[in-house]
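Please keep the sequence and the 3D view at hand while reading.

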Amino acid sequence: MQKKIDKIANLLSSYTKRAYLVGGCVRDLLLGNTIKDLDIEVYDINPDKFDKIMKKSAALGVGKSFFVYKLDDIDLALPRVEKKVGIGHKAFEVSITDDEKIASKRRDFSMNAMMLNIFTGELLDFWDGKKSIEKKQIVLIDENSFKEDSLRVLRAIQFSARFDFEIEDNTLNIMKDIDLSDLTKPRILWEFEKLFKAKHLDVGFVYMYRLEIFEKLFTCKLKSQDVDKVKTELKEADFVEELRPYYFFYIVANMCGFDPYEWFKKIEAPNHYLRAVKNQPFTCSTLNDKELLKIAIDIPIKKWLGNYKPEVQKRAKKLGVWEEVFSAGITIAQVIEDGFLKENIKIEYRRRVIGQL
């Protein structure tokens, strides 16, 4: 990472000494997390000059109306302020600023508003982001600008689930009154996909409940008596990594009496989400061996989304149905040989296997 930063510093050193790592990369640096994306904000260069420097360096303009360029896998941008002028996430009027504090104020949360000078290593922290991280809190910067982008409600939730942070009380109260009806399906899905892969799904779930996200996005009301059960289920789960994106909706929807397939449809999720949950058996009770083997007739337990309980994994491996379906020695060929045709083949096959149980 440092080599990439040094490359940008060398590129800009003739023009400015004010260029900063900003946003999530500074937050993750302080958290000790792996840094996936580098964002650099560049000061003291006007848009025309910046455009020439970027073109000379073969950087790609990915948001030129927002003064954003990509060089290799690094985003470089001029510092900007945004003013809401209409409905939707694109309805912003953008202008350049040369004031770091003003530029950082447009960020959503204090932990995402810190700036690290790539030349000197100086940390600028106008909104107590470091303090928020130390307290493990998600704190908004400015109430008025925060309300201008309703997606920030979902961002706070996925941050809480990723970092095991609490949403500060005032921030949470403001979020409760924000309407989410202007959000497009792709933007909703984008934030949910980060939530699905988070380590602390139980934390994110509780905030979704408290902020009435299920009512606002899926028009269904969760019962308060189900919340603790779901929270415990998510907290104690042991997920198979390849199935991780699908567990959250599968567990929450089923345990609360809803269909996860319909939830994925409502946010127009790609087909792999729909395929993953369609016709998957569900049970929130403890299974005996016979019930587990019955599920394994159709699907190896390793591919069943109900496999997140450690005792289920242990018994499935012991029974030999973790990676293989349960057939009890019955084959499709035997059923065909006995004269069964078309859809009756599968029906008879299942009948025979279940008979062996």
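In this predicted model, N46 caps the N-terminal end of helix α3, with a side-chain oxygen placed 3.1 Å from the backbone nitrogen of D48. The helix itself spans residues 47–56, and after α3 comes A58, which has a positive phi, near 65°.

Which residues of α3 are buried? They are F50, D51, I53 and M54, and because these residues cover an arc of only 165° around the axis, they sit on the same side of α3. An α-helix has 3.6 residues a turn, so residues three or four places apart point the same way. The cover over the buried residues of α3 includes α1 (2–12), β2 (38–42), β4 (68–71) and β5 (74–77), whereas D48, K52, K55 and K56, on the other side of α3, are exposed.

A nonpolar patch on the surface is formed by M1, L29, L30 and L123, which together have about 310 Å² of accessible area. Of these, L30 belongs to helix α2 (residues 24–31), and L30 counts as partly exposed because its relative accessibility is 34%, between the limits of 20% and 50%.

For the protein as a whole, the computed totals are as follows.

| Property | Value |
|---|---|
| Helices and strands | 19 helices, 11 strands |
| Box of the C-alpha atoms along the principal axes | roughly 80 × 45 × 35 Å |
| Buried share of the 357 residues | 48% |
| Accessible surface | about 18500 Å² |

Carbon and sulfur atoms hold 48% of that accessible surface. Among contacts with a separation of 6 or more, 64% join residues 24 or more positions apart.

Notes
Residues numbered from 1 in each chain as written. Predicted model: local features only at pLDDT ≥ 70, side-chain atom pairs only at ≥ 80, totals over all residues. Heavy atoms only, no water. Patch = residues over 30% accessible without salt bridge, like charges linked within 9 Å, V, L, I, M, F, W, Y side chains within 5 Å. Areas by Shrake-Rupley, 256 points an atom, 1.4 Å probe, with all protein chains shown as cover. Salt bridge = Lys/Arg side-chain N within 4 Å of Asp/Glu carboxyl O. Helix = DSSP H or I, 4+ residues; strand = E, 2+ residues; numbered from the N terminus. Buried < 20%, exposed > 50% of the residue type's maximum accessible area, 1.4 Å probe, protein only. Arc of directions from axis to C-beta. Contact = heavy atoms within 4.5 Å. Polar contact = N/O pair within 3.5 Å; in protein donor to acceptor, adjacent residues only side chain to side chain.
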